[in-house]
Amino acid sequence: MRKEQIINIYFIVGYFGSGKSEFCVNFAIQKNFDYLCDLDVINPYFRSRQTIDILTQHQIKVVSSIEPEARYLDMPLLSEEIFELYKNNRKVIYDLGGSTAGAKLIKQFEEYEKQPYALLFIINVFRPETNNVQKIVTEMQNIEESSGLKITGLINNSNLLSQTTEADLISGQSIIQEVVKITKVPLLYTSYIKDLKTHQKFDGEAIILNKYLAKHT
């Protein structure tokens with residue numbers, strides 16, 4: 001029997017406004033990560049580092065800025081510690097900045113190619129940049145080219161914020177299913193806020209979101 005591959009390194013990428021950082025915080029808590037590395041030097045408004053107090057309560061260490069009080073600064077200050085975490089077999093999630101600009105940072109981690117990793121692309125079909133199959137496929141290709149790594153899984157995070165309905169998630173899933181057929185990349189997770197009332201069984205594992213970042217804006 002083939003031994004299941006253990007993955008401790010997760011990169012989360014996606015277009016601006018796709019809900020990437022909120023997903024990262026929730027995913028880190030629910031999956032018992034040891035570290036969350038905030039590498040988002042693109043978007044100054046929604047950053048996972050802003051929830052450092054919540055993550056600390058869950059024994060998750062946040063690594064990002066050099067200065068402890070720099071978590072709210074719009075500055076690309078990254079700790080050298082982010083390049084050492086993968087060497088100690090700890091479970092690490094990297095929250096990357098939007099689109100290809102953020103994905104380029106992965107090229108600084110060339111040694112990741114020598115060990116198992118997950119590169120997950122989060123999709124909100126209600127963003128104009130990812131509102132159809134061709135745009136999503138093109139964005140995936142651009143991210144792979146920029147990062148030097150292959151995307152290993154997709155996340156359906158299709159939402160209209162507090163106005164999101166079950167039908168919106170179903171609509172997002174139908175578009176992403178077409179992307180799966182073209183790219184052969186599986187849809188691994190469907191995420192939605194805990195207030196959404198649904199009995200629908202969506203593709204992939206359900207990740208129910210608390211609004212951690214919303215409390216800091």
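Helices (H or I, at least four residues) and strands (E, at least two) are DSSP runs, numbered from the N terminus. With that in hand, welcome to this predicted model. Its protein chain has five helices and eight strands, and along the sequence they follow the pattern β-α-β-α-β-β-α-β-α-β-α-β-β.

- The eight strands form an open sheet with parallel pairing, in the order β3-β2-β4-β1-β5-β6-β7-β8.
- Which strands sit at the edges? They are β3 (61-63) and β8 (205-209), and each of them pairs on one side only.
- On average, neighbouring strands of this sheet are turned by 25° against each other, direction ignored.

**A look at strand β4**

- Strand β4 (residues 92-96) runs parallel to β1 (residues 9-14), and four bridges join the two.
- Across this pairing, I9 stands opposite V92, while Y10 has I93 as its bridge partner.
- With β2, strand β4 pairs in the parallel sense over five bridges; there, D38 has D95 as its bridge partner.
- Is β4 mostly covered or mostly open? It is mostly covered, with five of its five residues buried.
- V92, Y94 and L96 point one way from β4, whereas I93 and D95 point the other way. All of these residues are buried.

**A helix across the sheet**

- Helix α1 (residues 20-30) lies across β1, β2 (35-39), β4, β5 (118-123), β6 (153-156), β7 (187-193) and β8.
- Relative to β8, helix α1 runs at about 105°.

**The nonpolar cores**

- The largest nonpolar core has 32 residues, and F11, Y94, F121 and L154 touch the most other members.
- At least two residues of this core come from each of β1, β2, β4, β5, α4 (133-147) and α5 (166-183).
- Which element gives the largest share of this core? That is α4, with four residues.
- A second, separate core holds 23 residues, among them C24, F27, A28 and I60.

**Aromatic rings**

- How many aromatic pairs does the structure hold? There are nine.
- One of them joins Y15 and F16 in an edge-to-face arrangement, with 5.5 Å centre to centre and 85° between the planes.
- Y15 has a relative accessible area of 19%, so it counts as buried, since buried means under 20%.
- F16 comes out at 32% relative accessibility and therefore counts as partly exposed.
- Elsewhere, ring pairs link Y10, F23, F27, F33 and Y189 into a cluster.

**The chain as a whole**

- Of the 217 residues in the protein chain, 49% count as buried.
- The accessible surface of the protein chain comes to about 11,100 Å², and 50% of that surface belongs to carbon and sulfur atoms.
- Among contacts in the protein chain with a separation of 6 or more, 71% are between residues 24 or more positions apart.

Note on methods:
Residues numbered from 1 in each chain as written. Predicted model: local features only at pLDDT ≥ 70, side-chain atom pairs only at ≥ 80, totals over all residues. Heavy atoms only, no water. Pairing = 2+ DSSP bridges. Axes fitted to C-alpha atoms, helices over the stretch in contact; angles between N-to-C directions. Contact = heavy atoms within 4.5 Å. Buried < 20%, exposed > 50% of the residue type's maximum accessible area, 1.4 Å probe, protein only. Areas by Shrake-Rupley, 256 points an atom, 1.4 Å probe, with all protein chains shown as cover. Core = buried A, V, L, I, M, F, W, Y, C linked by side-chain atoms within 4.5 Å. Phe/Tyr/Trp six-rings, centres within 6.5 Å; stacked < 30°, edge-to-face > 60°.
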